[in-house]
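Welcome! Try each task before you read its solution.

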Amino acid sequence: MPNRLAALLAVAVLSLTACSTTRPAGGPPASSAAATTASAQPTSQFFDQAAYDKQLAWRKATPAGDPSKPWLQAIEPQMADTAKFKKPGPWHVCFSNAGVGNPWRVTGLTTMKEEVKLHKEIGEFTVVDAEGKDDKQISDISDLLGKKCDAMIISPNTTAALTPAVEKACQSGVPVVVFDRGVTTDCPVSFVHPIGGYAFGADSAEFIASKMPKGGKVLALRILPGVDVLENRWEAARLTFQQAGANVVGAEFTDGDPAKVKTIVSDYLQRFGDLDGVWMDAGATTVAAVEAFQDAGKPVPPINGEDQQDFLALWQKDKLTAMAATYPVYQWRTAVIAATDILSGEQVPKEWVLPEPVITDQNLAQYVTPNMPPLFYPTCGCQDMPGFPQTWGGK
């Protein structure tokens, strides 16, 4: 058994014997969790109180595994037996992707393809792109079931619509790994994801609330509805702002369009004169939001983004009051590793929870990566891979 799996198994045993099934060790006491929601009621159909409490506690958990390889780490893993899926290579691994409609996903797919090259047992890797359309992804998954895939990796476009398609894939007997966005079924052999949307939303909203006066005006910018991780980010942020006494003056969907972001921010500046904070549920358009303030001759208020290179460089250059709550790209590596482990008959975490770094002024310089393109995401975990930086567009 590989050393990393032995380490994960050891931690899994300890977590099962030392703590309850509803609250991770090291998390806040029950009274703290109760206080979190006593004065702020959730509004989203996606809200799950137990998951919310767990993710907020996981922020302080120490992952099992080598910290220098966070894509192999896991938080409180409970291992799944995969012996029945063991088979000799070469394997045909199939991937149904929600799409490559934003820079995070482009960096992710590049990283995934390079990870596949590290596994000689993978003889064929088939990728289908749903182009952000539920109906196309449902059709894609159905088509893949006829292509003799030995394992299937799925990144769902939206949660509810793709759940039946994932269940159909599971029922075919092919081992399924879901990552990035979730579905409402536990049939996949492994679900790979960072700590989650609640942690992202709470981290970013806590930062913004701490940097503005009570009652300050916050504009929330969201990409699109109906995706569990994005809904959870917003719900955690909304609860945090409500507790902090912040005045959320608007929550607008941007479709991830920089021009639309600039228009929305400009409109709100005209309506309110100024804003005390901007909260983003994703970071691809944070630079556009910053530029809207600069174009209007207004100071940039506290703002959050992600680890997109252009935002990190602008933050460093202009000394913004900012933070980045990441959704690390290295999970694209983990999804491939989970599939190969399953086909090798090695145990994998049923829920493979990865650490979720937070970027602040204190560690910003570690993430700004010289000579990389503006849309690069340094949490790819790709810096040690053959072909870096050129394969990712760097020099």
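Helix axes here are lines fitted to C-alpha atoms over the stretch in contact, with angles from 0 to 180 degrees between N-to-C directions. Helices (H or I, at least four residues) and strands (E, at least two) are DSSP runs, numbered from the N terminus. This is a predicted model: local features need pLDDT of at least 70 and side-chain atom pairs pLDDT 80 or more, while totals for chains, interfaces and linings use all residues. Residues are numbered from 1 along each chain as its sequence is written, and side-chain values use heavy atoms, leaving out hydrogens and water.

**Exercise 1. Find how the axes of α10 and α11 cross, and which residues meet.**

Step 1. Locate α10 at residues 286-295 and α11 at residues 309-318; their axes come within 9 Å and cross at roughly 35°.

Step 2. Look for contacts (heavy atoms within 4.5 Å). From α10, T286, V287, V290 and Q294 meet D310, F311, L314 and D318 of α11.

**Exercise 2. Identify the residues that touch the most other members of the largest nonpolar core.**

Step 1. A nonpolar core is a set of buried Ala, Val, Leu, Ile, Met, Phe, Trp, Tyr and Cys residues joined through side-chain atoms within 4.5 Å. The largest has 42 residues, and M112, I153, V177, F179, W332 and W352 touch the most other members.

Step 2. Ask which element contributes most: α12 does, with 8 residues.

Step 3. Zoom in on F179, whose contacts include F95, M112, I153 and W332.

**Exercise 3. Describe the surroundings of L364.**

Step 1. L364 sits in helix α13 (residues 364-367) and is buried, with a relative accessible area of 6%.

Step 2. Not counting residues up to four places away in sequence, L364 touches L312, W315, Q316 and I359.

Step 3. Compare sequence with space: L364 and A313 are 51 residues apart in sequence and 9.1 Å apart in space, C-alpha to C-alpha.

How values were computed: Buried < 20%, exposed > 50% of the residue type's maximum accessible area, 1.4 Å probe, protein only.
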